[in-house]
There are 2 protein chains.
Amino acid sequence: MLLHDAPVSGNCYKVRLLASHLGIELERVETDVIDRSNPRESLNGLNPMRQVPVLVLDDGRVLAESGAILLYLAEGSGYIPDDPFHRAQVTQWLFFEQHELEPNLGVARFLLQFAQFEYPPRLLSSKQHAGREALVALEAHLTGRRFLVEEEYSIADIAVYAYVHMAQESGIELIDYPAVLEWVLLVAAQPGHIRISQ
Amino acid sequence: MLLHDAPVSGNCYKVRLLASHLGIELERVETDVIDRSNPRESLNGLNPMRQVPVLVLDDGRVLAESGAILLYLAEGSGYIPDDPFHRAQVTQWLFFEQHELEPNLGVARFLLQFAQFEYPPRLLSSKQHAGREALVALEAHLTGRRFLVEEEYSIADIAVYAYVHMAQESGIELIDYPAVLEWVLLVAAQPGHIRISQ
């Protein structure tokens, strides 16, 4: 399978992390996500939004959106529960991640680490504020739990881990969220774990 | 089943629309999503983010996030494909909707129709701009297609329809997106269709 990838993207990292757990070899084509003047023409026809990750299956079929790719690749593996309700709880966290975490932590990280343009300080602070609100919700859920769903490591943990474990790059200290911090260490200790830089 | 609902919320409407198609009777508990000073305490313990929709099953189990609820309720029905890849394409559109459409069209609509506070004009225009970019992507995909995935009406259409069909309330005219407009009419003509005000 071929992954249209960006090494620094948390969304792409999710796919690489699951593939590592599953023993799937991914051919990686690098896409520039830093240079916003780049219209990412290479993704034209693959993803309507021209965003990575985009997965191209061996038969040429194409899938975008990290959450959809995780659900597709995890099917039949131990990284997604069989029970329909537990599976629904996993998808709940995948949507939470794309709606509450990535648009806030991810954008704050982009502004602080990569932005090659001027931005209003208020944009950064509002993203950090909303990111912290999502971390408060995550902290409440993880308090007394090892993993997000049914005490089993799943694609819910993989998806949420991506931007949360890099919160410091978004200007947010995880020390304020002790249950989240403990869970971050537990995810990083799973067999087959790889770092975002790998 | 009991739905923690807000009549004006597009995210809640998705669940009501699918339930109508499936013939599921929903008991509805109304939540105020307009008054932002309201901490929505009634949702505490149900959804970490205290957002609607929240579905409470007859056995008391709780599910949040409209996309997760749609996937759960649609299982085994004609509103989600059986084929794993087509199902993945449906989930791709569910994530696209929550990441590109709802945070832009939905927020622009909230500011224009419901906001009880002052907001910077730039916030509205940036949300409308990003919403139009997502509509351009949607227009490109729907050109030459009847429905989003495999020419069959599915929960992908239901999810995307919710905020798109109300684009005018977000200050965006769908006449600029003719394939989207045709698809909106086709979705509204499906058996069992209900309006957001129903």
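Me: What rotation superposes chain A on chain B?
Reply: This is a predicted model, and in it a rotation of 180° with 0.0 Å of shift along its axis puts chain A on chain B, with an RMSD of 0.0 Å. That is how a two-fold axis relates things.
Me: And do the copies use the same surface or different ones to touch?
Reply: The same surface serves both, as 100% of the contact residues of chain A recur in chain B.
Me: Which residue of chain A comes closest to the rotation axis?
Reply: That's H99(A), whose C-alpha is 3.1 Å from the axis.
Me: Remind me, what is a disulfide?
Reply: It's a covalent bond between the sulfur atoms of two cysteines.
Me: OK, and C12(A), buried or exposed?
Reply: Buried: C12(A) has a relative accessible area of 0%. C12(B) is buried too, at 0%.
Me: Now R109(B). Where is it?
Reply: R109(B) lies in helix α3 of chain B, which covers residues 84-113.
Me: Why does R109(B) count as buried?
Reply: Because its relative accessible area is 7%, and buried means under 20%.
Me: What is R109(B) in contact with, leaving aside neighbours within four places in sequence?
Reply: R109(B) touches V8(B), G10(B), F114(B), Y163(B), M166(B), E169(B), S170(B) and I196(B).

Conventions. Residues are numbered from 1 along each chain as its sequence is written. Chains are lettered from A and ligands numbered from 1 in the order in which they are written. This is a predicted model: local features need pLDDT of at least 70, side-chain atom pairs count only at pLDDT 80 or more; totals for chains, interfaces and linings use all residues. Side-chain values use heavy atoms; hydrogens and water are left out. Buried means under 20% relative accessible area, exposed over 50%, partly exposed in between (1.4 Å probe, protein chains only). Copies are superposed by least squares on the C-alpha atoms of residues with pLDDT of at least 70 in both. Contact means heavy atoms within 4.5 Å. Helices (H or I, at least four residues) and strands (E, at least two) are DSSP runs, numbered from the N terminus.
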